[in-house]
Amino acid sequence: MPPTSDVEDDDPVVAEYDVYITPEMEEQQLYVLQYLNRPPDNPLTKATGNEPAELRLKKESGFIEVDVPINIRQNYNRVNGVRWGEAMRKTKGFGQKAFGIASGFERTMPRSGNRPGGEGGPAAPVITAEDDDNLEEYVTNFEDANEKGHVLNAQTYGGQILGDDGKGPSYMLGTFREDQLHLTRLNGLVQLRTQFHHIDASAQLEAVARRREKESQEGAKLAEPKAFIPTVKKAGGDTAAELTQQFMKTANQEPWQKLQYADEDTVEAYDSYTERLFLARTIDAPKLKSNLNNEQFLDIMSAPSAGKGAKRKNATREKELIEISDESDEEDE
């Protein structure tokens, strides 16, 4: 075997960086948005014509949604676009603020007070997008219908924040500046997937139409006084089903917070990047000191079972070396 000095290093050091950790700030929330079913060569930027139109957040329940404009003038089905756009417009008119899990899978139905005739009056018919007589007119005057909100012209991506629960890894975002690497702790990851809110809206509209049809045949039920018995209920359950139900209810009641978006090529984006992702004065940065030596570090990084086994093997090996050494000493005498 050739000497160690003659063996070529298969993993040479090609660069060295001074590593800095930026201080954590309570007012700063840093998330990485991962678009799982979107090609990486088509980013959501103004340069590619895909600048997000709106970002919204439910901070307590952790839901985030991003609306991205759709090119309605190329490879676009205008009939379906109008049909789904009308479904979204009508359900939002009922008061539906969110769809899917972000709404706790709750549907907002039109109240009787919104119906012609008032409380107890005949239910007004709800026209689904399929039976809307205006559908053909909207398709014919497509540009005008789009401006008036009758066309589905945005694609929604949604997901939930995966925060640091103290059990999994703690992620950090790294930025380079010359021979420096600056690390900033992330508050969470968000895996965004395409949301089909227009399908939910269409199904909701059909459910409302079936309900109105049933009321028109059977008659709307009049509001009648009901007897009630006061009962004492515990504040909240601790079973998985009860916790899930409470979470869904909280998510449905929590309003959206709209966020301001700045494209990556704007001055605001560059200023925020420089201010938030770099340590301002590296000369004043305290040096990190480890309380562990190399052996302790390796023991902590190893799996528990492997660590114990390695210790036992090392202890056995040391005992064998001592016994061999003792035997060799006796032979020399």
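This is a predicted model: local features need pLDDT of at least 70, side-chain atom pairs count only at pLDDT 80 or more; totals for chains, interfaces and linings use all residues.

Analyst: The chain has eight helices and nine strands.

User: What makes a residue of H1 count as buried, and which residues are they?

Analyst: A residue is called buried because its relative accessible area is under 20%. In H1 this applies to Gly81, Val82, Arg83, Gly85, Glu86, Ala87, Met88, Lys90, Thr91 and Phe94. Charged side chains are therefore on the list, including Arg83, Glu86 and Lys90.

User: What covers the buried residues of H1?

Analyst: The cover includes helix H2 (135–140), helix H3 (142–147) and H4. Each is counted because it has heavy atoms within 4.5 Å of those residues.

User: How do you know that the length of H1 agrees with its number of residues?

Analyst: The expected span is 1.5 Å times one less than the number of residues. For the 17 residues of H1 that gives 24 Å, and the end C-alpha atoms are 24 Å apart, so the two agree.

User: What makes a residue part of the lining of the second largest pocket, and which element gives the most?

Analyst: A lining residue must have an atom within 4 Å of a point of the pocket. The second largest pocket holds about 850 Å³ of space. Among its 33 lining residues, Asp67, Met88, Lys92, Ala154 and Thr156 are the closest to its centre. H1 gives the most, with seven residues. By class, this lining has twelve nonpolar, 13 polar and eight charged residues.

User: How is the lining of the largest pocket made up by class?

Analyst: It has 19 nonpolar, six polar and eight charged residues. Tyr31, Tyr261, Leu30 and Ala262, which are among the residues nearest the centre of the largest pocket, count as nonpolar, whereas Ser272, also among them, counts as polar. About 1,600 Å³ of space lies in this pocket, and H6 gives the most to its lining, with eight residues.

Key
Residues are numbered from 1 along each chain as its sequence is written. Side-chain values use heavy atoms; hydrogens and water are left out. On a 1 Å grid over the protein atoms alone, a cavity is a set of points where a 1.4 Å probe fits but cannot get out, and a pocket is an open set with protein on both sides within 12 Å along at least five of seven lines; lining residues have an atom within 4 Å of a point. Grid points are joined across faces, edges and corners, and a volume is the space filled by probe spheres set on the points. Helices (H or I, at least four residues) and strands (E, at least two) are DSSP runs, numbered from the N terminus. Buried means under 20% relative accessible area, exposed over 50%, partly exposed in between (1.4 Å probe, protein chains only).
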